[in-house]
Amino acid sequence: MAMEQELKALRVRIDDLDSKILDLISERARCAQEVAKVKMANLAEGEHPVFYRPEREAFVLKNIMERNKGPLGNEEMARLFREIMSTCLALEQPLHVAYLGPEGTFTQAAAIKHFGHAVVTKPMAAIDEVFREVVAGAVNFGVVPVENSTEGAVNNTLDSFLEHDLVICGEVELRIHHHLLVGKNTKQDHITRIYSHAQSLAQCRKWLDAHYPNVERIAVSSNADAAKRVQSEWNSAAIAGDMAASLYDLTILSEKIEDRPDNSTRFFIIGNQAVPPTGDDKTSIIVSIHNKPGILHDLLEPFRRNHIDLTRIETRPARSSKWSYVFFIDFKGHCSDPLIKAVLEDMGKGSIGLKVLGSYPQAVL
Ligand SMILES: O=C(O)C(=O)C[C@]1(C(=O)O)C=C[C@@H](O)C=C1
């Protein structure tokens, strides 16, 4: 009886707090509606309003994480605010976001992690199609994978940047946990085929060698596609993540089978909008250079001289001529910073071409 009384009193307090939170969230949403009105009222002739402001969102989330005193962890708290902002933005403008599908891919999970659940997500069959959908203006943004901590670059994404003129507006990092999944009719000891995306098969190579050394591994276009197949196919399993498992109603035979526990994938948000600096930004560029001795050293020297932190460098064959290359370089800093501007100018002089793909806030979550 005493416990019942105690619980009742605590629940009264919770109801009271919920009602205060409800009022505050509604007040915040009304504020966002006012923000939209101000943005609409201050447009120059022919200008389009910019509702989504990644630099402001990064500030809000970081601020919440800094001020959070617990007991909820910083990430949990930021995720709650991510969702509040997502719904507030949807009141201003519902965002449409294309991603590398089908439904249930890690790219969809990355899109939701970045924009929250209030966005309308649209699956595309290939990375290039995500780019084309954004270029065509059919969606506001696109989400594409760019690199995995175990398997390296996603070349289709890098190549698409050579063909399309889009801006990188943000990055998302996602911990990738792979599971071995089966449909209702498949037993663990009857598996004859394992489907997944080539990158996912590679990320689980050692585990597969140890547990299913003689089972055929079949690469398909995505791990969500693998999950979809095994829903109805007997004696086959898929390697995919949580979203695909629940979407296609599969049983998890083995959890977290990736070879490296810190296995993560980085995704880019692509759009048409340049993002102002936050003080904690990254910039991505493409540079093409003449092939001559010491050229790569010369290219990178200004970064060393100016203590600019290079975070990634990737090479791809140039489309223009055989045995010539382009470099994809990411570094810390924003292209509007005078120091970065000077370095890029310096680099531009020694190269055939240099293109800034975008400056964007470093991933907060
Ligand atoms: O500050 C703005 O510009 C807003 O539109 C408000 C708000 C928010 O809810 O905090 C909503 C969407 C933007 O992407 C950033 C922030």
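The lining of the second largest pocket in this predicted model divides into 9 nonpolar, 14 polar and 1 charged residues. This pocket has a volume of about 460 Å³. It is lined by 24 residues, and Leu100, Pro145, Val154, His197 and Gln199 are the closest to its centre. At least two lining residues come from each of α4 (106-115), α5 (127-135), β3 (141-148), α6 (155-163), α7 (198-203) and β11 (264-271). The element that gives the most to this lining is α7, with 3 residues. Because domain 1 (47-175) and domain 2 (179-262) both give residues to the lining, the second largest pocket lies between them.

The largest pocket has a volume of about 540 Å³. Its lining comprises 16 residues, with Ile21, Ile64, Met77, Phe81 and Ile84 nearest the centre. The elements that contribute two or more residues to this lining are α1, α2 and α3. Of the elements, α2 gives the most, with 6 residues. By residue class, the lining of the largest pocket holds 11 nonpolar, 2 polar and 3 charged residues.

The ligand is considered next. The residues that surround the ligand are Arg28, Val35, Lys39, Phe51, Tyr52, Arg53, Arg56, Glu57, Met85, Cys88, Leu89 and Glu92. This shell divides into 6 nonpolar, no polar and 6 charged residues. In the shell around the ligand, the largest contribution is that of α3, with 4 residues.

| Residue | Protein atom | Distance to a ligand oxygen atom |
|---|---|---|
| Arginine 28 | side-chain N or O | 2.8 Å |
| Lysine 39 | side-chain N or O | 2.7 Å |
| Arginine 53 | polar backbone atom | 2.9 Å |

On its own, the ligand has 360 Å² of accessible area, of which the protein covers 90%. Two or more residues of the shell are given by each of α1 (2-41), α2 (54-67) and α3 (74-92).

Methods
Residues numbered from 1 in each chain as written. Predicted model: local features only at pLDDT ≥ 70, side-chain atom pairs only at ≥ 80, totals over all residues. Heavy atoms only, no water. Near = heavy atom within 4 Å. Polar contact = N/O pair within 3.5 Å; in protein donor to acceptor, adjacent residues only side chain to side chain. Areas by Shrake-Rupley, 256 points an atom, 1.4 Å probe, with all protein chains shown as cover. Nonpolar A, V, L, I, M, F, W, Y, C, P; charged D, E, K, R; others polar. 1 Å grid on protein atoms, 1.4 Å probe; cavity = no way out; pocket = protein on both sides within 12 Å on 5 of 7 lines; lining within 4 Å. Points joined across faces, edges and corners; volume = space filled by probe spheres on them. Domains from an automatic or database assignment.
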